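Student: I am new to this structure, and I would like to take a close look at a single part, the place where the two chains meet. Could you take me through it slowly and connect it to what lies around it?

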Amino acid sequence: MSDAGRRIDIRVPVLARVEGEGALEVHAEAGRITDLRLRIYEPPRLFERFLVGRDHSEVADAVARICGICPVAYQMSAVQALESIFGVEPDEWVRAMRRVFYCGEWIQSHALHIHLLAAPDFFGYESALAMTADHPGEVRRGMRLQALGNEVMALFGARAVHPVGARVGGFHHAPAAAAVRDLRARLEAALPEAEALVRWAAGFPLPDNGQDFPYLALRNGADYPMNRGRLSASTGLDAPVSELADHVAEEQVPHSTAFHARLHGEPYLVGPLARLNLNADLLPTETRALLGETGPALPSTNPFHSLPARALEIHAALVEAVRLLADYRAPERPHAEVTPRAGVGYGATEAPRGLLWHRYETDGSGRVTAARIMPPTSQNQARMEEDLRATLEARGLDAPDAELRFLGERVIRNYDPCISCATHFLDLTVRRR
Amino acid sequence: MGAAKPGARPRVAVHKLSSCDGCQLAFLDLGEDLVRLAELVDFVHFAEAGPVDPDAEVDIAFVEGSIATPDEVARIKRIRANSRYLVPIGACATSGGIQALRNLHDGEKWLAEVYPSPEYVESLATSTGIADNVDVDYELWGCPVNGRQVLAAVRALLWGVDPVPEQDKVCMECKRAGNVCVLVSRGTPCLGPVTVTGCGALCPAFGRDCYGCYGPAENPNTEALGRRFRGLGLLPEEVARRFHFIHSHREPLRSAGRRWREDRGADDP
Ligand code: SF4
Ligand code: SF4
């Protein structure tokens with residue numbers, strides 16, 4: 001039966017299984033979407049405003065509070081930006097251990113997303129807890145990996161949420177060799193679990209959803225990107241991180257407290273799939289072999305491939321942490337000395353959800369005089385709306401409301417949007433097109 | 001617990017207001033314990049974990065986040081009306097959190113200053129804790145709270161006993177852990193003497209200062225500590241910033257910070 005003239009209004013007032021608070025509204029008439037809004041109504045918390053006046057030494061503790069799921073990413077982008085102002089070069093030990101710290105966050109966040117947020121969609125459960133009864137092995141494996149990620153974060157930060165170990169120049173504290181040995185052994189022992197997870201995730205019935213969009217990630221040519229690299233995009237963009245704002249414009253839209261970002265005018269993707277598309281050649285050998293066996297074929301423009309990409313990144317992060325913690329020795333001092341000075345600095349690292357960019361200005365005593373933060377979810381937001389539009393229209397708007405609603409929720413959850421991070425307010429001139 | 005019908009599992013909700021989602025991780029990071037907990041109670045609303053039913057009647061409602069929008073004022077009233085026990089968790093819910101720093105300034109102005117179209121945004125000029133808005137039954141402090149705290153609270157409430165709040169200061173925890181005092185040995189301005197324990201004195205164990213993320217302890221002597229910081233060479237404005245960070249809206253930190261700021265004769269930042 002053709003229902004093309006039907007008018008539909010889909011409302012998902014509270015999106016389940018995403019971090020933060022969002023809602024979806026779709027209006028369609030005569031088989032076409034007339035209005036689609038991913039509403040991010042998470043209230044503003046004004047971080048960029050209250051960072052002003054704070055000393056550089058307080059910034060890492062403050063920005064951790066932007067997001068409970070990826071505090072390490074906020075801390076790492078911030079200290080990197082401040083170090084670039086002060087001309088501080090962290091030594092090899094600090095750089096390696098920051099990478100391990102970051103591995104912990106990827107493992108934790110990706111495992112949480114795959115198991116607690118995304119997997120129930122594929123198995124028809126309301127929640128992972130409901131799914132545990134029938135799939136105890138897989139859910140518990142996911143929880144074990146998540147816990148291991150947390151332990152890596154706690155090794156350097158004393159706790160996994162809002163860790164207290166990071167500072168400009170390095171860390172407050174170097175873990176003891178015995179603790180490192182113990183954790184490293186358990187990370188190594190978890191490798192087969194991560195491999196099993198990759199194979200399991202490769203078998204999920206992913207919607208076939210090829211789309212056309214640019215994607216952006218860091219790339220440094222030496223290792224899979226976490227905390228260093230240049231901006232690299234499928235459009236051929238190759239630029240230093242200080243130039244992000246020259247290529248990306250942010251715009252405030254009435255229905256969302258998160259900004260919409262566009263790369264040269266186009267919605268674009270950041271996150272695990274963007275990273276994998278641009279950096280698969282830099283994965284650890286074992287992970288690359290797994291990718292070859294399980295897919296997906298790259299580059300992929302099916303956003304749903306973010307899920308296998310997450311699983312592969314868990315594996316890669318485990319391999320990396322095990323490698324970087326071999327022959328561990330605690331240094332005499334876990335940080336470089338810092339002499340503040342006035343200037344402007346940029347920091348960009350790969351949060352679990354994608355590129356997280358910070359810009360700070362400081363005065364001569366190292367106090368922040370301006371701050372700007374571009375989190376991954378606000379970069380992905382315009383892309384999410386495009387994806388929703390394309391996916392729902394491709395399914396056909398004559399499908400039952402319940403099905404369209406579920407499909408819409410899945411599309412959004414697939415981006416693992418971190419809505420708490422996305423709502424931010426900044427001091428900038430909005431370029432309107 | 002008294003409210004639950006015999007045989008019926010207690011109903012629990014986890015709500016989120018203005019926050020970073022970090023305190024919900026005290027549940028989501030529980031692993032096996034979360035699975036066991038879900039066998040003992042029904043999570044009827046916990047959007048991040050799956051179930052969505054914000055207006056359900058429950059035995060215990062945990063609330064993460066502060067009250068920072070007109071909608072949140074209305075929501076917390078509904079949550080209060082639907083809950084037998086209302087338990088704010090974390091700094092945002094107990095004292096307005098780090099975003100309460102706007103309360104010390106002109107919140108409206110901040111919003112307008114930094115936002116191209118502030119009229120699109122529904123936001124209050126202040127960020128306040130739950131207890132500033134409705135009655136609460138018990139509070140868990142900490143930025144973030146941890147799994148040990150939430151499990152202890154659930155256990156106590158389910159057995160119908162009042163949870164025992166922490167009272168020690170971080171300093172006591174430090175002594176028990178055998179940490180070298182960073183204030184005494186290095187002259188680092190540590191907030192441990194006025195901060196309530198619960199974290200396990202994580203920061204001093206890492207050789208750094210406590211920045212007060214668990215909130216003020218009972219009868220803290222902010223006056224003496226502020227003078228001590230001044231003696232270490234901190235400017236009045238820097239002393240004020242120590243008190244005005246994670247729990248700036250909570251007394252006596254609020255007044256202590258204010259006094260130091262007024263001494264300096266300037267109001268910003
Ligand atoms: S280090 Fe801080 S918390 Fe520990 S005893 Fe000293 S002042 Fe107290
Ligand atoms: S020592 Fe202080 S700042 Fe550090 S975690 Fe404990 S309460 Fe928070």
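Tutor: What follows starts at the contact between the chains and then moves to the core and to some charged pairs. Please keep in mind throughout that this is a predicted model.

The contact takes in 65 residues of chain A and 57 residues of chain B, and the area buried between the two chains comes to about 5,300 Å², with carbon and sulfur atoms giving 62% of that area. The size of an interface is often given in this way, as the accessible area lost when the parts come together. Between chain B and chain A there are 17 residue pairs in polar contact, counting pairs with both residues at pLDDT 80 or more. On the side of chain B that touches chain A, the elements that give two or more residues are α1 (25-28), α2 (32-40), α3 (70-82), α5 (107-114), α9 (202-205) and α11 (236-243) of chain B. The residues on that side of chain B divide into 34 nonpolar, ten polar and 13 charged.

Charged side chains also meet across this interface, where four salt bridges are found between chain B and chain A. In one salt bridge B:E32 pairs with A:R140, and the closest N and O atoms of the two are 2.5 Å apart. Side chains of opposite charge can pair in this manner when their charged atoms come close.

The buried residues in α11(B) are B:P236, B:E237, B:V239, B:A240, B:R241, B:R242 and B:F243.

In soluble globular proteins, nonpolar side chains tend to be buried together. The largest nonpolar core here has 147 residues, and those with the most contacts inside it are A:V63, A:M97, A:L187, A:Y360, B:F27, B:F43 and B:V87. The element that gives the most to this core is helix α4 (residues 92-123) of chain A, with 18 residues. Apart from this core lies another of 31 residues, including A:L36, A:F213, A:L278 and A:L407.

Helix α4 of chain A also holds A:Q108, which counts as buried because its relative accessibility is 1%. The side chain of A:Q108 reaches the backbone oxygen of A:I69 at 3.1 Å, and, leaving out residues up to four places away in sequence, A:Q108 touches A:I69, A:Q146, A:G149, A:N150 and A:M153.

The side chains of A:S57 and A:D55 are joined by a polar contact of 2.6 Å. Computed along the sequence A:S57 and A:S365 are 308 residues apart, yet their C-alpha atoms lie 11 Å apart in space.

Finally, the structure holds 46 salt bridges over all chains. One of them joins A:R219 and A:D281, with closest N and O atoms 2.9 Å apart, and this pair links distant parts of the chain, A:R219 being in strand β6 (residues 216-219) and A:D281 in the loop between α10 (272-279) and α11 (285-294) of chain A. In chain B, the side chains of B:R208 and B:D209 meet in a salt bridge at 3.9 Å, N to O, and both residues are buried. Salt bridges that share partners also join A:R54, A:E58, A:R367, B:E237, B:R241 and B:R261 into one network.

Terms used:
Residues are numbered from 1 along each chain as its sequence is written. Chains are lettered from A and ligands numbered from 1 in the order in which they are written. This is a predicted model: local features need pLDDT of at least 70, side-chain atom pairs count only at pLDDT 80 or more; totals for chains, interfaces and linings use all residues. Side-chain values use heavy atoms; hydrogens and water are left out. Contact means heavy atoms within 4.5 Å. Buried area is the accessible area (1.4 Å probe) that two parts lose on being put together, summed over both. A polar contact is a pair of N or O atoms within 3.5 Å; within protein, one must be able to donate a hydrogen and the other to accept it, and residues adjacent in sequence count only if both atoms are side-chain atoms. Helices (H or I, at least four residues) and strands (E, at least two) are DSSP runs, numbered from the N terminus. Ala, Val, Leu, Ile, Met, Phe, Trp, Tyr, Cys and Pro count as nonpolar, Asp, Glu, Lys and Arg as charged, and the others, Gly among them, as polar. A nonpolar core is a set of buried Ala, Val, Leu, Ile, Met, Phe, Trp, Tyr and Cys residues joined through side-chain atoms within 4.5 Å. Buried means under 20% relative accessible area, exposed over 50%, partly exposed in between (1.4 Å probe, protein chains only).
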